[in-house]
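Open the model in your viewer and keep the selection tool ready. We will start with the pockets and then step back to the whole chain.

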Amino acid sequence: MTGREPRVVFASAAESFAALVRRIPVGRWDGPGLGEWDLRSLVGHTSRSLVTVSTYLQTAAGHEDVLDAADYYAKIHDLAAGMGTAAIVERGRQAGRDLGADPVAAINTLVARVRSDLDGVGDPLIEVIGGLGIRLNSYLPTRTFELAVHGMDIAGAVGIEFVPPDDVLAAAATLAAEIGVRLGRGPEVLLALTGRAGLPSGFSVV
C-alpha cells in the first residue's frame, strides 16, 4: 500500500468524507445519487465503511481466510453476486434512513465513534461479511477505498468539487491496481495507466 499506517489513512479518509457531507446543500438529500440510490442512500451506503469497522471490532474470527485487501475484494466478488442487486440496493437505502433527521450530525458521530473504537487497538483477527476472517490492518484499506470512491460519487452527484487527501488517493489507486492484478486484469490496468491502451467499456475492478 502507501507505507503509512492503514488506520492513519483510514482516519484521513473518514474525516474527508465527513467534511464532504457537511458541504451537501440541505435540499439535495432526496435528489439523485448513484444508480437506484438517491443521495441519502448513497451517503448511507458510504457510511457503512465507518459502521462496519466499529461493528467488526466486536467480533473475533477463528481463522484467517483473507490475506490482504486485494484478496478481500477477490473473495467477496462471488458473495456480492449471490446477494443480488436488490438486496444491496435496499441495504443502502436502509443505511440512508438510519442517518435520521440530521445526516450530517450522524456522520460526524460515526466518524468520532470509529476513531475512538480504533484508539489503542492492535491488529486483531476480525470476522467480516460471509464469516471471513481478516486482520484489521488488511480490512481498513478496503474501507479507505470505499470512502474515496463513493466520496467522489457523492461529489459528482451533487456537483461539488472533492479531491480526497493524497494519502487516501494513493492507497485507493494502489489497491485498485492490486485488485486488477488479483482478478487477472493486471496487463490491461498497467497499459491504461501508462497511456498505451484504453480500458474496455464498463471495465471495473469491483
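Helices here are DSSP runs of H or I with at least four residues, and they are numbered from the N terminus. Keep in mind that this is a predicted model.

**Stop 1: the largest pocket**

Select α2 (39-56), α3 (69-83), α4 (85-98) and α6 (136-158). Each of these helices supplies at least two residues of the lining of the largest pocket. Now colour α3 separately. With 9 residues, α3 gives the most to this lining.

Next, colour the lining by class. In the largest pocket you will find 21 nonpolar, 11 polar and 5 charged residues.

**Stop 2: the second largest pocket**

Move on to the second largest pocket, with a volume of about 180 Å³. Select A173, A176, A177, V189, A192, L193, L199, F203, S204 and V205, which line it. Two elements give two or more residues to this lining: α7 (166-182) and α8 (186-193).

How many charged residues does the lining of the second largest pocket have? It has no charged residues, with 9 nonpolar and 1 polar making up the classes.

**Stop 3: the whole chain**

Clear the selection and switch to cartoon. The chain has 8 helices and 4 strands. Trace the elements from the N terminus: the order is α-β-β-α-α-α-α-β-β-α-α-α. The radius of gyration of the chain is 17 Å, close to the 17 Å from the globule rule for 206 residues, so the chain is as compact as a globular protein of that length.

Draw a box along the principal axes. The C-alpha atoms fill roughly 45 × 40 × 35 Å.

**Stop 4: contacts and surface**

Then colour by burial. Of the 206 residues in the chain, 43% are buried, with the cut-off set at under 20% relative accessible area.

Finish with the surface display. The chain exposes about 10,000 Å². Carbon and sulfur atoms supply 55% of that area.

Technical notes: Residues are numbered from 1 along each chain as its sequence is written. This is a predicted model: local features need pLDDT of at least 70, side-chain atom pairs count only at pLDDT 80 or more; totals for chains, interfaces and linings use all residues. Side-chain values use heavy atoms; hydrogens and water are left out. Ala, Val, Leu, Ile, Met, Phe, Trp, Tyr, Cys and Pro count as nonpolar, Asp, Glu, Lys and Arg as charged, and the others, Gly among them, as polar. On a 1 Å grid over the protein atoms alone, a cavity is a set of points where a 1.4 Å probe fits but cannot get out, and a pocket is an open set with protein on both sides within 12 Å along at least five of seven lines; lining residues have an atom within 4 Å of a point. Grid points are joined across faces, edges and corners, and a volume is the space filled by probe spheres set on the points. The radius of gyration is taken over C-alpha atoms; the globule rule is 2.2 Å times the number of residues to the power 0.38. Buried means under 20% relative accessible area, exposed over 50%, partly exposed in between (1.4 Å probe, protein chains only). Accessible areas come from the Shrake-Rupley method with a 1.4 Å probe; for residues, only the protein chains shown count as cover.
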